[in-house]
Amino acid sequence: MPDIDTSDPLSLASSLTSRNVLSGTKNTTTQFSVVVPTLNEADNIDPLLTSLFALDLPPDHFEVIFADDGSSDGTPDKVRAWKEKANVRLVERREKPDLTASILAGVAIARSNVIVVMDADLSHPPDRLTAVVGPVLNGSHDIAVGSRYVPGGGTEGWPLHRQWLSRVGGWLARPICDVNDATSGFFAVRKDLIATIAEHARGYKILLELLVAGQGKIRAVEVPICFRDRTRGTSKLSFSHQWTYLQRLITLAGGTVTASTAGKFAMVGLCGVIVDTLLFQILVVYETGLAQAHIVSFFVAATVNYSLNSKWSFREHHAGYLSWDQFSRFLMIGVFALLLRGGVLALLVYGWHVPAGLAIFPAIAATAVVNYLGSAFYVFPVTKNPPTLDMRWRIASVGVVAFTLLLRLIYLGQAQLIPDEAYYWNYAQHMDLSFVDHPPMVAWLIWLGTSIFGDNEFGVRIMAFICSLVTMGYLYALTLNLYDKSTAMRTMLLLSILPISFVHGMLMTPDAPLLAAWAATLYYMERALIAGRSSAWLGIGIAFGLGILSKYTLGLLGFTALLFMILDPTSRRWLLRPHPYLAATLALLLFSPVIIWNNEHQWASFLFQIQRAGGIGNQFSVHHLLLYMIILLTPVGFLAAVLALLSNGNHDSDQYARRRRLFVSIFAGMPLAIFLLLSLFGSPKFHWTTPVWLALLPTMAWMIGRADDLRSVVIYLRAAWKPTIMVSIFAYAFVLHYVVLGVPGVPYPSFMRHYFWHETTREVEHIVEDVRRQSGKEPIIVGMSKWSVATSLSFYNHGENSMDIRSRNMFGQQSGAMYDFWSPPQLPTNRPIILVGMKRDHLRHDQLGNDLATMLDQPGPIMYRAIIRDNKKLRGLYYRIAQGYIGK
């Protein structure tokens, strides 16, 4: 919401008087009514009214209405004493004290069409009255909020815990309204909007009711105020008020949460915990395996819970019989909770070494929250006065984003590294200014993460998770600038469930920082080129420099920005100003470590990238590129992206909308066109287009909310997004559970030979120990791949049983990427050589080459070992042992 400066009281008074004179009315016409709810505020009545009527406003231009809630300290008498000397009125309620009801009682007798609500305790500064009421009086806005949380606002004299409670209350309300201070009690509003509040509204935050009721229809502005803690009387805020606020907040968001349902749900949950725990303990005792034990016990307990919840806990909201639609929803939420629970169990049992019998309790507690919120919002939602479609998308966005972030965070340290991640971890063990096949950012981030959390999966990946949060933050801000808050929230939803972002928010590869830098560059580009802010060029220089330190692909945005400035007349002026050139200089300065490294290594990295671009083949591969796009975006996401990209923008009615459309089209279309051009002559890598789609996600999210677009394909897309979201979440959760704990009855396929390096390394260590014992010499382990085997073994080789691990480049025949720099070819040695491969073919003579077969001393046969965990085969290991290395 925009801020507003303090209105001049003299100007406001003059304008009101002039309006009355021109209209021929007397200047005694009431322009606005100040409604002040009270409960035992006798000591504050005189100071408040004295301050209000001391304002430089004609006293008859506003009235003050006190709505008393049954005060016992003489507050009504204090108010009556003012009735003869000022425009003061009193309404007394005899019902149970309720702030919202009190305000509505005061509004009911108001003589004006503009209402101002403020507290009686002087915490709301009376001198800001004109500033707050001004935007509503002049017709520019429907609601003006006296806000503590915009520039110029603040609080004074509040204890820290009250400040935090207020902040948390505001944060919780942010998903369902568009102001920073939704819990403010000082605001002005048109009287007719009060009628939009639901009849069953209650609690102490009527502003929230107004904002939600008018969502998307009202014009709201926040006016900075300084909130001061009361100096007289006592605060009426209690735990019951906070609980009522939380209940009402959830109800407005579409959830069915009451003290009754929460209590019943807790009792039913306790029954489920007993069933779950007992069955889990029995299955663990009989050694069925952790995965099977927790899956079976969960589904038995979930079935019991559903029957009791549908017939008792949520009975007041539904018919009480088993609806198959509701059961399918409950089952879906249950599966999500189950797969999340598997990660919690793995973390506790495998990571923290907690006994399984004890670990089940926090695992049950963690997933109970998912079950309860899923039941309240999705299985048994509000059916009377349900929220709008826009509101439902907002709440769905919050739930999906929160669940996917939690899912990633829990499994972050439990899923083993893939070989690519282990390779980049080896970068961090050989820190340098750059590397031959990638810039250094991925190594620097892994070094930072492992320095804090240690050389484990969590330490390697935590910076990928943080990069994903940075990506979300910048893309949210970009969407907010291009469209609105609802669209921004839907963009976060898409970002959290599409493979382009979920995978790279989980795995630590160069694409993780690339996505963060790409989103940041897009944001600053929009601020500079569309909003015209010269300061944004500093952000562009930093983001662009960090981006090309992550991956050279971000350089495409430089050419894209140049093309936009040429095509957009408004942005063309930047070509004659120093800002873009200074930004480019800053980016080049940040990129200087890579230049220095290349200068010291015969430009190896640049030559490698040129060879890679020229080595993608010479065959037509557009169909492959399209298939990769569909996988990265899902079929529904790909169709939505095509529509967003091809939208011609004829509906755009103003210049800003047309420039916005051009920005999206150029910044998504230009990089995509380059990849399409490359695919005409070769086969690009699977993930190359990943960052390109960030520019289109805001428009894709905007299209979801366009209920007025009745094209059949758009209607299909809106309907298809919901199952796509559910299937995507299930797929991610299932895969993570599958690779960490497994799924009973589902074997691991052959391509898992690229995974489970932790168990494989233990087996290799046993082989090494046998060779040491038999030969009395320290063997050399050679991973027979470019770098996958060697790096994976290196990461998981911890403790006292340290191994001398090399890549295939030690024989001087084939490249080992960075191993060419880390461990050059081996001189002849009589130390035993253990060749390790993922496939039998990797160790055959015809695969090794005739020269290598003669360079090994007495190479033995290819041998195989099955890698087993919990009586289940994970993968296979192929190896052969030679007595030494003769050399060329």
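**Figure 1. Arg-461, a buried residue of the predicted model.** With a relative accessibility of 1%, Arg-461 is classed as buried, because that value is under 20%. The model shown here, as in the views that follow, is a predicted one. Arg-461 belongs to helix H16, which covers residues 457-482. A polar atom of the Arg-461 side chain is placed 3.0 Å from the backbone oxygen of Leu-412. Beyond residues up to four places away in sequence, Arg-461 touches Tyr-411, Leu-412, Ala-415, Gln-416, Leu-417, Ile-418 and Glu-421, and also Met-506, Leu-507 and Met-508. A separation of 8.8 Å is found between the C-alpha atoms of Arg-461 and Thr-509, two residues that stand 48 residues apart along the chain.

**Figure 2. The crossing of helices H14 and H15.** Helix H15 comprises residues 441-453, and its axis comes within 8 Å of the axis of H14, with a crossing angle of roughly 80°. The two helices, H14 and H15, are therefore roughly perpendicular to each other, since angles of 65 to 115 degrees are assigned to that class. On the H14 side, the contact is formed by Glu-421, Tyr-424, Trp-425, Tyr-427 and Ala-428. H15 contributes Val-442, Ala-443, Ile-446, Trp-447 and Thr-450. Sorted by class, the residues of this contact between H14 and H15 are eight nonpolar, one polar and one charged.

**Figure 3. The packing of helix H14 against helix H30.** H14 (residues 419-429) packs with H30 (residues 788-796) at an angle of about 70°, and the axes of the two helices are 8 Å apart. This angle makes H14 roughly perpendicular to H30. From H14, the residues Pro-419, Ala-422, Tyr-423, Trp-425 and Asn-426 take part; they meet Ser-788, Thr-791, Ser-792, Ser-794 and Phe-795 of H30. The contact of H14 with H30 consists of five nonpolar and five polar residues, with no charged residue. Trp-425 of H14 is listed both in the contact with H30 and in the contact with H15.

Figure 4. Strand S11 spans residues 804-807 and contains Arg-806. Arg-806 has a relative accessibility of 14% and therefore counts as buried. Its side chain is joined to the side chain of Asp-804 by a polar contact of 2.9 Å. When neighbours within four places in sequence are set aside, the contacts of Arg-806 include Ile-780, Ile-781, Val-782 and Gly-783. Ala-790, Ser-823, Gln-826 and Arg-831 are also in contact with Arg-806.

Notes
Residues numbered from 1 in each chain as written. Heavy atoms only, no water. Axes fitted to C-alpha atoms, helices over the stretch in contact; angles between N-to-C directions. Helix = DSSP H or I, 4+ residues; strand = E, 2+ residues; numbered from the N terminus. Parallel < 35°, antiparallel > 145°, perpendicular 65-115°, else oblique. Contact = heavy atoms within 4.5 Å. Nonpolar A, V, L, I, M, F, W, Y, C, P; charged D, E, K, R; others polar. Buried < 20%, exposed > 50% of the residue type's maximum accessible area, 1.4 Å probe, protein only. Polar contact = N/O pair within 3.5 Å; in protein donor to acceptor, adjacent residues only side chain to side chain.
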